[in-house]
Amino acid sequence: MLKLLRNMRRREWGMAAVCAVLILGQIYFDLSLPDYMSNLTVLIKTPGSTMSDILHTGLEMLGCTLASAVLCVICGYLTARVAAGFSYSIREAVFNKIADFGQREMMAFSVPSLINRTTNDITQVQMLVAMGLQILIKSPVMAVWAIIKIVNKSWTLSAITAGFVVALLVMMVVIIGVVVPRFRRVQKLTDHINLVAREKTRAAWWAWEPTTN
């Protein structure tokens, strides 16, 4: 994957950097909501609190929510552009590489496998980039940021949160270890399906062609 990132153009890198900043903004607004909720609870329980104070806190919460939603929409648009541009560059590089293949390389890789490499595999990479820019950046940063905020208030809550984060990381490693071998098997089966479909199409063409003449 790191080698593939070399094909990303400067424009995509710039949009990815902007997206990372927007994700940090989302995290800030999302983690500010519990503080506003705490202040709102205190205002409601405190005698003598005015309705204007409660409404002001509620409007601030609403503003944080709207700001987070706007940043999420903009970030989603940018990640889609980055993934589309990245996959375009990869398809172009793969096509140019395959175009330089000789008969020996074609027979070594097989045509159905090369078709899948230039279509299905690159589509999977595009989806990984589109989802990874948000999930792989947002989740760990939010986890660490939340733990830091909780540490100042309660060691017990911070320890519980850290435990859940570690458990989630372990589950992710286990799931990846289980899924990757099966995903490779699916790739081989996809190559076989493409090979069978191509042979069926070729046989049907040869069976139909004499009748047209």
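The largest nonpolar core of this predicted model has 20 residues; such a core is a set of buried Ala, Val, Leu, Ile, Met, Phe, Trp, Tyr and Cys residues joined through side-chain atoms within 4.5 Å. Buried means under 20% relative accessible area, exposed over 50%, and partly exposed in between (1.4 Å probe, protein chains only). Val-82, Phe-86 and Val-129 have the most contacts inside the core. At least two of its residues come from each of H1, H2 and helix H5 (120-151), helices being DSSP runs (H or I, at least four residues) numbered from the N terminus.

Helix H1 (residues 10-45) and helix H2 (residues 51-99) have axes that come within 8 Å and cross at roughly 160°. Axes are lines fitted to C-alpha atoms over the stretch in contact, and angles run from 0 to 180 degrees between N-to-C directions. H1 is therefore roughly antiparallel to H2, a term for angles over 145 degrees. The contact of H1 with H2 comprises 24 nonpolar, nine polar and five charged residues. Here Ala, Val, Leu, Ile, Met, Phe, Trp, Tyr, Cys and Pro count as nonpolar, Asp, Glu, Lys and Arg as charged, and the others, Gly among them, as polar.

Val-94 lies in helix H2 and is partly exposed, with a relative accessible area of 24%. Its C-alpha atom is separated by 6.6 Å from that of Thr-118, 24 residues apart along the chain.

Residues are numbered from 1 along each chain as its sequence is written. Local features need pLDDT of at least 70, side-chain atom pairs count only at pLDDT 80 or more, and totals for chains, interfaces and linings use all residues, while side-chain values use heavy atoms, with hydrogens and water left out.

Key: Parallel < 35°, antiparallel > 145°, perpendicular 65-115°, else oblique.
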